[in-house]
Amino acid sequence: MNKKTRTIVDASWYVVCFLMIQLICNSVGVLIWKDFVLNPLALTITLTLSSVITIGLYWWRKWWTESADNIRKANIAVYLMLCLFAVCCVIPSASLLELMGVEADETQERIMMEIMQSPISFLVIALLVPITEEIVFRGALLRLLLDYFKGGKEGEVDEQLSASQTTNLKGVVYSILISAVLFGIVHGNIAQFFHATLVGTFLGWLYYKTRSIVPGVFLHFANNTLVFIIAKFFPKIADQHLLETFGGSYPIMISVMLICILMLVALIVCLNKVLKA
């Protein structure tokens, strides 16, 4: 089996394993709880079970590894910028969904809010699930793709590979986009696909710069926490169209949106400089 075929097979297998574990755990949940899809406790238990199994499997099979040196590439300044990045993403993301006429499922949103009322359940949704997703789509899948496009020897894995060592920039872009699109697809609905794909592209770039899933997990956690805070403490804003939030003023809405976009660009430039190898 040549390297290209092996990479395709391994990449497919990583995603299939992730989906199979979720499917099996959900199937067990359906057998145990008749009201599974509407039962917050049942969903929390199955999410925890599927996440723990996935993390254990990927760690055991060494599909994902983490280096302490890579973790240290991100300092306090990086994490503060990632918090601000999550905040600046809210309005552009909401605007994109509205322009496309996409609305999130109200039942699904209500169930998620009920699940996250419990501190333990909140940690499962906001932290454990993101850890699992980052391990699968960045720590395993993206690392495999980056290694393939690096052009090294077959089977070679270099955890310390930096951006300057990767000569095929086009391959890096392909790797990040492939992992991001797959990340968007597995979210299972249109409302989350576009946001997850865009955020997944940034998460992929972040992993490429650090070779660690920790910054990505932090951003994931910050994003999920922010969404929960808005829905919990500002329900009227969460249920409004973006224009209504700004009092029906297009100039104000567009101005705030442009500021957010400029802030996102500035943050990416700053992060690139701070994380430069």
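Select Lys-62 in the loop between helix 2 (residues 40–60) and helix 3 (68–71). Helices here are DSSP runs of H or I, at least four residues, numbered from the N terminus. Phi of Lys-62 is near 60°, a positive value in a residue other than glycine. Is Lys-62 buried or exposed? Lys-62 is exposed, with a relative accessible area of 61%. (Buried means under 20% relative accessible area, exposed over 50%, partly exposed in between, with a 1.4 Å probe and protein chains only.)

This is a predicted model, where local features need pLDDT of at least 70, side-chain atom pairs count only at pLDDT 80 or more, and totals for chains, interfaces and linings use all residues. Residues are numbered from 1 along each chain as its sequence is written, and side-chain values use heavy atoms, leaving out hydrogens and water.

Next, pick Arg-211, in the loop between helix 8 and helix 9. Arg-211 is not a glycine, yet has a positive phi of about 60°. At 5% relative accessibility, Arg-211 counts as buried.

Now show helix 1 (residues 3–32) with helix 6 (residues 119–150). Their axes come within 10 Å and cross at roughly 175°. (Axes are lines fitted to C-alpha atoms, for helices over the stretch in contact; angles run from 0 to 180 degrees between N-to-C directions.) That makes helix 1 roughly antiparallel to helix 6, a label for angles over 145 degrees.

Display the side chains at this contact. Tyr-14, Val-15 and Phe-18 are among the residues of helix 1 there. Helix 6 contributes residues including Phe-137, Leu-141 and Tyr-148. Contact means heavy atoms within 4.5 Å. By class, 11 residues are nonpolar, two polar and five charged.

Move to the largest nonpolar core, with 47 residues. (Such a core is a set of buried Ala, Val, Leu, Ile, Met, Phe, Trp, Tyr and Cys residues joined through side-chain atoms within 4.5 Å.) Tyr-58, Leu-82, Phe-85, Phe-202, Leu-219 and Leu-271 touch the most other members. Helix 6 gives the largest share, 10 residues.

Center on Leu-271. What does Leu-271 touch, not counting residues up to four places away in sequence? The list is Val-78, Met-81, Leu-82, Phe-202 and Trp-205. A second, separate core of 10 residues includes Phe-36, Ile-111, Ala-126 and Phe-228.

Finally, color by pLDDT, the predictor's confidence in each residue, from 0 to 100. The chain averages 85, and 88% of the residues score at least 70. Confidence is highest in helix 2, at a mean of 95, and lowest in helix 10 (residues 235–239), at 67. Over residues 152–167 the pLDDT is below 50.

How values were computed. Helices (H or I, at least four residues) and strands (E, at least two) are DSSP runs, numbered from the N terminus. Angles under 35 degrees count as roughly parallel, over 145 as roughly antiparallel, 65 to 115 as roughly perpendicular and the rest as oblique. Ala, Val, Leu, Ile, Met, Phe, Trp, Tyr, Cys and Pro count as nonpolar, Asp, Glu, Lys and Arg as charged, and the others, Gly among them, as polar.
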